[in-house]
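Hi,

Here is the structure I said I would pass on.

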There are 2 protein chains.
Amino acid sequence: MDKRVYLAGPEVFLAMSREIGARKRAICARYGLVGVYPGDEEHAPDPALPLTVQGIAISRAMERTMRSCAAIIVNLTPFRGPSADVGSAYEMGFMRALGRPIFAYSNDARPYFERVAAFCGDTMRQRPTGEYEDPDGMAIEPFALHDNLMLAGAVTDGHFVTDARAPAERYSALRAFELCVGRAAAELGADVSG
Amino acid sequence: MDKRVYLAGPEVFLAMSREIGARKRAICARYGLVGVYPGDEEHAPDPALPLTVQGIAISRAMERTMRSCAAIIVNLTPFRGPSADVGSAYEMGFMRALGRPIFAYSNDARPYFERVAAFCGDTMRQRPTGEYEDPDGMAIEPFALHDNLMLAGAVTDGHFVTDARAPAERYSALRAFELCVGRAAAELGADVSG
């Protein structure tokens, strides 16, 4: 498992997911790493099974796969709102608890506060105590981090890369991903001549 | 640590967070458990430190706290979009990798597909292959689960409780939480006479 790297991110939901997976694996190979893209190894469940059973079977397979990987590179580009995809966040936490290095990138370079403010528009409010909150009364974290502080705290030694991309490219551009791969290869001692 | 339970959820962002934490801890105590609410033990960082340093310090404290807990009860009520709070999702993954039991609840009883469809409104589209996608071209998971399949798969033995609440109550109502506490107490063998 020493060179297997789990590739988490919401691009698995794109119609072109398999093509992006192939591109990501090819980049990893150039750096001496084995990229493991969700779906590559998921042992697609029997389509005759009830949908809920299929969903849980994929979850089990992905957790086994994560345990077999030495590190994770996670795409934190915002997904259906101002934060990262919850599945990717879950996978970060999983790998963090196992002590595996975490490399992260986002194709949206804005800090979290700015993205939440844009999401809220003119519904953002200020409390009498000074903090800002969304229309549900939820404080907007002021820490000048890229997302929720638990996600920011999980990324190994600041191995977080951002690349400001236009909406059309935000789930397919791989420049920031490749920078993460280079850092992961250095950290894992990958043999690029291999 | 055998009766300490980590209480994850986005209600930490409410102005009344400490009051909700106190209510949650009181419910846990009635069932013989020690509820650990984020913030109770976070050793608030020095406010003179840079904000990013404060944020990371809280993350470190919360991870230490999770390692000291025997289980997690997580609030998956949707937060700033159709999915759960990413910080709570991260914490679920963390506890899952450690093998700790996970109990979850949501004060929004709708399945994930229905919430995403409501979030997308008339921007939801159908692919030629039949799947539905959001306006970013991201497939909407069809598994009839409550959220992303990784989150659904993590919940121990179907210990997932929903309670359909009005928007004004969705982050403060604790009926579903209390049902989770009861299940956690049974699983952890808590001594309610204590």
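**A buried ring pair, and the interface**

Phe13(A) counts as buried, with a relative accessibility of 12% (buried means under 20% relative accessible area, exposed over 50%, partly exposed in between, with a 1.4 Å probe and protein chains only). Phe79(A) is buried too, at 7%.

Before going on: this is a predicted model, where local features need pLDDT of at least 70 and side-chain atom pairs count only at pLDDT 80 or more, while totals for chains, interfaces and linings use all residues. Residues are numbered from 1 along each chain as its sequence is written, chains are lettered from A and ligands numbered from 1 in the order written, and side-chain values use heavy atoms, leaving out hydrogens and water.

Over all chains there are eight aromatic pairs (Phe, Tyr or Trp rings, the six-membered one for Trp, with centres within 6.5 Å; planes under 30 degrees apart are stacked, over 60 edge-to-face, the rest tilted). Phe13(A) and Phe79(A) make a stacked one, 5.5 Å centre to centre with 20 degrees between the planes.

Now the interface: 59 residues from chain B and 59 from chain A are in contact (heavy atoms within 4.5 Å). About 4700 Å² is buried between the two chains, 67% of it from carbon and sulfur atoms (accessible area, 1.4 Å probe, lost on putting the two parts together, summed over both). On the chain B side, Arg80(B), Tyr90(B) and Met150(B) lose the most area to chain A.

The interface also has four salt bridges (a Lys or Arg side-chain nitrogen within 4 Å of an Asp or Glu carboxyl oxygen). Glu63(A) forms a salt bridge with Arg96(B), the closest N and O atoms being 2.7 Å apart.

Cheers
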